[in-house]
Structure formats: structure tokens, C-alpha cells
Amino acid sequence: MSCIHFTGGFERGFGTWPLQGDACRSAVATALEVGYRAIDTAQMYGNERDVGAALKASGVARDEVLVTTKVHPENYGQHAFLPSVRRSLDALGLERVDVLLLHWPPADGAIDRPLLQLAEARARGLAAHIGVSNFTSAMLARAVSLIDDPLVTNQVEFHAGLDQSRLLAGATAAGVPLSAYCAVARGAVARNPLLAEIGEACGRSAVQVALRWILQKGVAVNTMSTRRANMEANFDIMDFTLSHVDMARIDAGTSPQGRIVTTGLVPWAPEWD
């Protein structure tokens, strides 16, 4: 089965954290050559200008690339939000961004004001679509009740080591698609014996199996690499399908304790589902 998203063919995105400078520009250029047409950045990454330079130099038509950036929580202030978005657009060299996200919920959990600011950014033509990142199910339910604009994604940690079934169910109920970061669990899925076993049976790597599992969950994928071979392998996941049995076996190996981005690592993270 294939993933159905508002983005259509953009369900395989290229992430840019933590790349900067020449490394970022080179990686984005290579990703576009490989075929990626969704590029993910953020104010927090400090590389929007590098991403913009790579996009401009690529020769790929603007309407063929979906660009996502995210507003840093420090810019959620009433007089800081829209100016920060305009700075992002200037750095990216764009008149508007395709998808604008809130990068994290505010540390105090007061999501209403930044959500309304996000909607205002879209109303002013600064973003074609809006969404969120790292929101819980309860936050998603509140968000869709607060603003009329559709939220096109909630970008969250999602990989074959982490049980996100509760959040996926909550997102489905709210009508907000999920997209994955840490999709290969920072390389851990490559060492997973079950994924390797399943991959061997279908001529694929453990990483490709892990990414295909995410897509068959109905979740879009963002991956990052500086190596062309890895980019190509991460992109080449559309011509095979995991069986229901193998999907269930992978599900059984996930755990709520498999989270990488913990509150210890990110103190402002919410209380996860």
C-alpha cells in the first residue's frame, strides 16, 4: 500500500538537521539530484540560507519542490512571530514557504496564541500550508478546534523502535497526518535483527524495511544523509510492500521506551502520549 498525503508525491522528504554551510548545500543539491522533492528545515537549524542557496542553484522549478520550515518557540511572542517568518523567507529566497510549522509546543503548554499566529501567517500569504511538530494528541484536538485552517502535518519522532500507536490514533481522529523525524532512529534500525531478516527475504536493507513500515502506517518520512548511496536507498522504498504479518511483527518490537528525543534531552518537550 502507499501513503496518501496532502503532498501526493512528497511523502519522502529530505531533512537537513544538523547540516550547515557547504555540507548542507551539497547534501540538498545531491538529494534533489536523487529525486527528493520535499526539503525540511527550521529556524532552529540555522541553515535556512544554505537550503535556499542550494534550491536556487539546483535549477529545479520552484513549483516542483515542497519546502518546510519551522518557527522556533523563542519567536512565539506577539511581536516576534511574523517578523521571524519573514526572515526565514528572506533566508530561503522565497516569497512564501510551502509548509510552516510550530517547531515545538511552548514550554508552558499554552498553544493557543502561537496557533493563531500561525494561521495569521498563512492568511498574510507567508505560507501555503501550516502544521505543527511535537504536538500530543490532546494538543492536536485543541488545535483543530481553535483554528479553521487545516493542519497538514504533525511532525514527530516516529521509527520502528518507538510505539506511537496512541499518537497515531489521536492524529487520525483529529484529521492531522503525521510525518516522521528520526525515521531511522539515528542508525539503530540498521542493527535491528528483525528488520534485517525481513529485508533479506525481500532483497532490501533493514533501513529500507523500517522506512517502508512507516509509509505503510500512513506516515510521511523525512531522512537525512550526506552520502548519495544512502540517499538513494532511503528514497527507493516505493516498489515493495510489507505483508500484514511483517507489519505486525515490527509493531510488536516497538516500545514507548524507544524514544530518542526525551525530556532529558529536550527540557521543553511536552508530556508525550
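1. Let's start in the sheet: Ala180 has Val221 of strand 8 as its bridge partner. Strands here are DSSP runs of E with at least two residues, helices are runs of H or I with at least four residues, and both are numbered from the N terminus. Two strands are said to pair if DSSP finds at least two bridges between them.

2. A word on what you're looking at. This is a predicted model, where local features need pLDDT of at least 70 and side-chain atom pairs count only at pLDDT 80 or more, while totals for chains, interfaces and linings use all residues. Numbering runs from 1 along each chain as its sequence is written, and side-chain values use heavy atoms, with hydrogens and water left out.

3. Eight strands close into a barrel in the order 1-2-3-4-5-6-7-8, with parallel pairing. On average, neighbouring strands are turned by 30° against each other, direction ignored. Helix 3 (81-92) packs on this sheet and touches strand 3 (66-71) and strand 4 (97-102), and its direction makes about 145° with that of strand 3. For such angles, axes are lines fitted to C-alpha atoms (for helices, over the stretch in contact), and the values run from 0 to 180 degrees between N-to-C directions. Touching, or contact, means heavy atoms within 4.5 Å.

4. Phe14 is a handy landmark: Phe14 stands opposite Thr223 in strand 8 and opposite Ile39 in strand 2. Strand 1 (residues 12-15) is covered on both faces, with Arg12 and Phe14 buried on one side and Gly13 and Gly15 buried on the other. Buried means under 20% relative accessible area, exposed means over 50%, and partly exposed is in between, using a 1.4 Å probe and protein chains only.

5. Thr68 is worth a click in strand 3. Thr68 counts as buried, with a relative accessible area of 9%. Leaving out residues up to four places away in sequence, Thr68 touches Ile39, Asp40, Thr41, Val97, Val99 and Leu101.

6. Which residues of helix 2 are buried? They are Glu48, Asp50, Val51, Gly52, Ala54 and Leu55. The cover over them includes helix 1 (21-34), strand 2 (38-40), strand 3 and helix 3.

7. On to the largest pocket, which holds about 860 Å³ of space. Its lining has 31 residues, and Trp17, Tyr181, Cys182, Arg186 and Met224 lie nearest its centre. By class, the lining has 16 nonpolar, 12 polar and three charged residues. Here Ala, Val, Leu, Ile, Met, Phe, Trp, Tyr, Cys and Pro count as nonpolar, Asp, Glu, Lys and Arg as charged, and the others, Gly among them, as polar. A pocket is an open set of points on a 1 Å grid over the protein atoms alone, where a 1.4 Å probe fits, with protein on both sides within 12 Å along at least five of seven lines; lining residues have an atom within 4 Å of a point. Points are joined across faces, edges and corners, and the volume is the space filled by probe spheres set on them.

8. A cis peptide bond joins Trp17 and Pro18, with omega about 5°, and Pro18 is in the loop between strand 1 and helix 1. Cys182 has a positive phi near 55° though it isn't glycine; Cys182 lies in the loop between strand 7 and helix 7 (193-202) and is buried at 15% relative accessibility.

9. The second largest pocket has a volume of about 180 Å³. Gly52, Leu55, Lys56, Leu92 and Leu94 lie nearest its centre, out of 15 lining residues. Helix 2 (48-58) and helix 3 each supply at least two of the lining residues, and helix 2 gives the most, with five.
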